[in-house]
Structure formats: C-alpha cells, structure tokens
Amino acid sequence: MADRHPFRRGGSGRSRKRGWRGASGSDGVDFLVVRRANPSRTQPIRLCVGCRVRAPASELLRVVVVGCAVTPDPRRRLPGRGASLHPVPACLTLAERRRAFGRALRATGVLDTGPLLEFLGVADGGVVPTPHGSRNKAGRPA
C-alpha cells in the first residue's frame, strides 16, 4: 500500500518526486492549526417541515408524537423523534396539507394536531396565509 499511496513515505508517490514535507506547509506551520473553525457550525440548522426553509434550531419549534397527537416541545426535552416547524400558523397549514408530520416523525396513521393548534393559538376554520411568499406551480402566489 505504501508504494501506491502518494502521501506515504517510501515508494514512488509524490513524496520523492515533488519534495513533500509531511503535514507542514512551506513555512513550517501545521495545516490543522491554521484552519479556522466554520462559524456556521456554532448553531444547529434545521429544516421546517412546513415551508421547507432552513433556519437555526432556536427559531423553530420542535414537535413530537405523544400517543397519536403532534405535541409541541418548546423546551426540547420530550423523548422521541422530533420535527422542526416555524411557530407560525402558515407553516402548520403547509405541513398539514403536505402530510409532512407523518413522514418526518415516522408515525403511521392519522395524527391529531389539536395540541399544536392550541399552542399556536389558531382558531378553527380560519384562513391562514402561506409563509415566505410561497408560490404554487404556476408561479402565482398561493
């Protein structure tokens, strides 16, 4: 293996042909020390199951299945598989229309969204606008 891998010492790889210097650059500084941490990794990013927009986890509401009801978990402490949702009624409406809760939470059967509706303060039968300027397939506002 040492004779085929370009970064192994010995063999006919890059180490003899181009003067490979190990794990240091030309100035002798280790590459692992020079590399900076990615600032976007400081906070987890989640996907809203309603509008399918990526957002920091702190901006989204975690929901879990308790029994056969979709329950909000604002403290992020309930056990089980969770899904993230913007805490606005429009994203809830989109998630229900797309039947996203069953897929995201890997639950079978019909899920009751009553506790989630109560948490968001949505009146039954109210018309909720779509979030983020969503458009339908024809390109018109939904």
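Here is a chat about a predicted model of a single chain, from its overall layout down to a few individual residues.

Visitor: Hi! What pattern does the chain follow along the sequence?
Guide: Hello! Bear in mind that this is a predicted model. Read along the sequence, the pattern is α-α-β-β-β-β-β-α-α-α. That gives five helices and five strands.

Visitor: How much of the chain is buried?
Guide: Buried residues account for 28% of the 142 residues. The accessible surface of the chain is about 10,400 Å², and carbon and sulfur atoms hold 51% of that surface.

Visitor: And what share of the contacts join residues at least 24 apart?
Guide: Taking contacts between residues at least 6 apart in sequence, 47% join residues at least 24 apart.

Visitor: Let's go inside. Which residues touch the most other members of the largest nonpolar core?
Guide: Those are Val49, Val63, Val70, Leu85, Leu92, Phe101 and Leu116, in a core of 22 residues. Two or more residues each come from strand 3 (61–66), strand 5 (82–85), helix 3 (89–98), helix 4 (100–104) and helix 5 (114–120). In soluble globular proteins, nonpolar side chains tend to be buried together.

Visitor: Which element gives the most to this core?
Guide: Helix 3 does, with four residues.

Visitor: Pick Leu85 for me. What does it touch?
Guide: Leaving out residues up to four places away in sequence, Leu85 touches Cys48, Val49, Gly50, Leu60, Leu61, Cys91, Leu92, Ala95, Phe101 and Leu116. Val49, Leu92, Phe101 and Leu116 from that list are also among the residues touching the most other core members.

Visitor: I see cysteines there. How many disulfides are found?
Guide: A search of the whole structure gives zero. Cys51, for one, is in no disulfide, and its nearest cysteine sulfur, in Cys48, is 3.6 Å away.

Visitor: Changing topic: how many salt bridges does the structure hold?
Guide: One. The side chains of Asp73 and Arg62 meet there, with 2.5 Å from N to O.

Visitor: Where do Asp73 and Arg62 sit in the chain?
Guide: Asp73 is in the loop between strand 4 (69–72) and strand 5, while Arg62 is in strand 3. The two are eleven residues apart, and the pair links distant parts of the chain.

Visitor: Is that pair buried or exposed?
Guide: Asp73 has 5% relative accessibility, so Asp73 counts as buried. Arg62, at 15%, counts as buried as well. The cut-off for that word is under 20%.

Methods
Residues are numbered from 1 along each chain as its sequence is written. This is a predicted model: local features need pLDDT of at least 70, side-chain atom pairs count only at pLDDT 80 or more; totals for chains, interfaces and linings use all residues. Side-chain values use heavy atoms; hydrogens and water are left out. A nonpolar core is a set of buried Ala, Val, Leu, Ile, Met, Phe, Trp, Tyr and Cys residues joined through side-chain atoms within 4.5 Å. Buried means under 20% relative accessible area, exposed over 50%, partly exposed in between (1.4 Å probe, protein chains only). Contact means heavy atoms within 4.5 Å. A disulfide is a pair of cysteine sulfur atoms within 2.5 Å. A salt bridge is a side-chain nitrogen of Lys or Arg within 4 Å of a carboxyl oxygen of Asp or Glu. Accessible areas come from the Shrake-Rupley method with a 1.4 Å probe; for residues, only the protein chains shown count as cover.
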